[in-house]
Amino acid sequence: MTEASALYDVPGPKARGRHRLYGLLALLGIAGLLSWLGYELVSTGQFSAAKWSPFQYTGIQKLLWHGLLNTLKAFGLTVLFALPFGALFAAGRLSEHRAVRWVSTLVVEFFRAMPLLVMIFFIFVAMKVQPLWALVAGLTLYNGSVLAEVFRAGVLAVPRGQREAAYALGMRKTQVMAYVLVPQANRAMLPSIISQLVVALKDTSLGFLITYEEFLHAGKLIATNLDYDLPFIPVVMVIAPIYIGLCLLLSWVAKVVEGRSRRSPRTRPAAQAVAEALPPGVRDTGE
């Protein structure tokens, strides 16, 4: 209450009553919207047995499972290539050599500004690359460029005194980057990195446009099947929670990693933690 009063006036009885009323009205509005949505789904036969019967067949289940595995495969390859791509060009943009910095900036800005779908189609059609690798290449170039900016901004966000303290201890530039700046920047960069990985996971759905048999492609095959009375809404109701669950799983992993980084001595200020972060031989040299 003390912290709140420093920012704004403490609400009185009438204000608290209005807040409860607004909350109740919002709750009723959401309940009404959900009720109307449920009524529309039932009245249009979206819960009929004919539309939901496909999911009980083994062939349909295998199709969805195969599509999900392909989605995870494309996502895994994208992460495997995009993170090093981003780290490499972030280091290039932070380089003291002008030519390296200019080339890295040109690459990052070009692929960051290029529409992802255009890149995927160009790689698939013009370069005649297989659907999986065309999708992975497009996702890597785009998301890697965005991650490069995230990495660069995270390193620059570390207070300048941390870098100066590390140099004062006799560390070289690569040691300052590896043992001081990057460990401290990780905590600041982690939310943005996870957000970009979530974007990459969702963008794997663009693979169905180049006939890559991923999760959305499998759902489209089922939803457009006349034998099952075009079960478009049921397919969405099955696929959407799985996508949401995967994104929530990424967020949970981010929280776990962030919790561990908070307990790590490498995230302390450089003047306090540099001796602990350095290998014994380097530590002795620095001292």
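Glu 149 is buried, with a relative accessible area of 15%. The cut-off for that label is under 20%. In this predicted model, the side chain of Glu 149 meets the side chain of Arg 93 in a salt bridge. The N to O distance is 2.4 Å. Arg 93 sits in helix H4 and Glu 149 in helix H7, so this pair ties together parts that are 56 residues apart in sequence.

Now take the other partner. Arg 93 also has a relative accessible area of 15%, so this residue counts as buried. Arg 93 forms a further salt bridge, with Glu 109. Here the closest N and O atoms are 3.5 Å apart. That pair again links distant parts of the chain. Arg 93 belongs to helix H4, which covers residues 58–93. Glu 109 belongs to helix H5, which covers residues 98–113.

Is Glu 109 buried, exposed or partly exposed? Its relative accessibility is 31%, so Glu 109 counts as partly exposed. Glu 109 has another salt-bridge partner, Arg 112. The closest N and O atoms of Glu 109 and Arg 112 lie 3.0 Å apart. Both residues lie in helix H5. They are 3 residues apart, about one turn of the helix. Arg 112 is partly exposed as well, because its relative accessibility is 33%.

Which residues make up the network of salt bridges? Arg 93, Glu 109, Arg 112, Glu 149 and Arg 152 are linked in it. A search of the whole structure finds 4 salt bridges. Among them are the bridge from Arg 93 to Glu 149, the bridge from Arg 93 to Glu 109 and the bridge from Glu 109 to Arg 112.

Next, the backbone. Lys 128 has a positive phi of about 55°, although it is not a glycine. Where is Lys 128 found? It lies in the loop between helix H6 (116–126) and helix H7 (131–157). Helix H7 is also the helix that holds Glu 149. With 69% relative accessibility, Lys 128 counts as exposed; the cut-off is over 50%.

Thr 211 is another non-glycine residue with a positive phi, here about 65°. Its loop runs between helix H9 (173–203) and helix H10 (215–223). Thr 211 is exposed, because its relative accessible area is 53%.

Now step back to the whole protein. How many helices and strands are there? The protein has 13 helices and 0 strands. Read from the N terminus, the order of elements is α-α-α-α-α-α-α-α-α-α-α-α-α.

The chain can also be described by its contacts. Take contacts between residues at least 6 apart in sequence. Of these, 72% join residues at least 24 apart. The pair of Arg 93 and Glu 149, at 56 residues apart, spans helices H4 and H7.

The protein has 287 residues, and buried residues make up 36% of them. Arg 93 and Glu 149 carry that buried label. The accessible surface comes to about 17,200 Å². Carbon and sulfur atoms account for 67% of that surface.

Terms used: Residues numbered from 1 in each chain as written. Predicted model: local features only at pLDDT ≥ 70, side-chain atom pairs only at ≥ 80, totals over all residues. Heavy atoms only, no water. Helix = DSSP H or I, 4+ residues; strand = E, 2+ residues; numbered from the N terminus. Buried < 20%, exposed > 50% of the residue type's maximum accessible area, 1.4 Å probe, protein only. Contact = heavy atoms within 4.5 Å. Areas by Shrake-Rupley, 256 points an atom, 1.4 Å probe, with all protein chains shown as cover.
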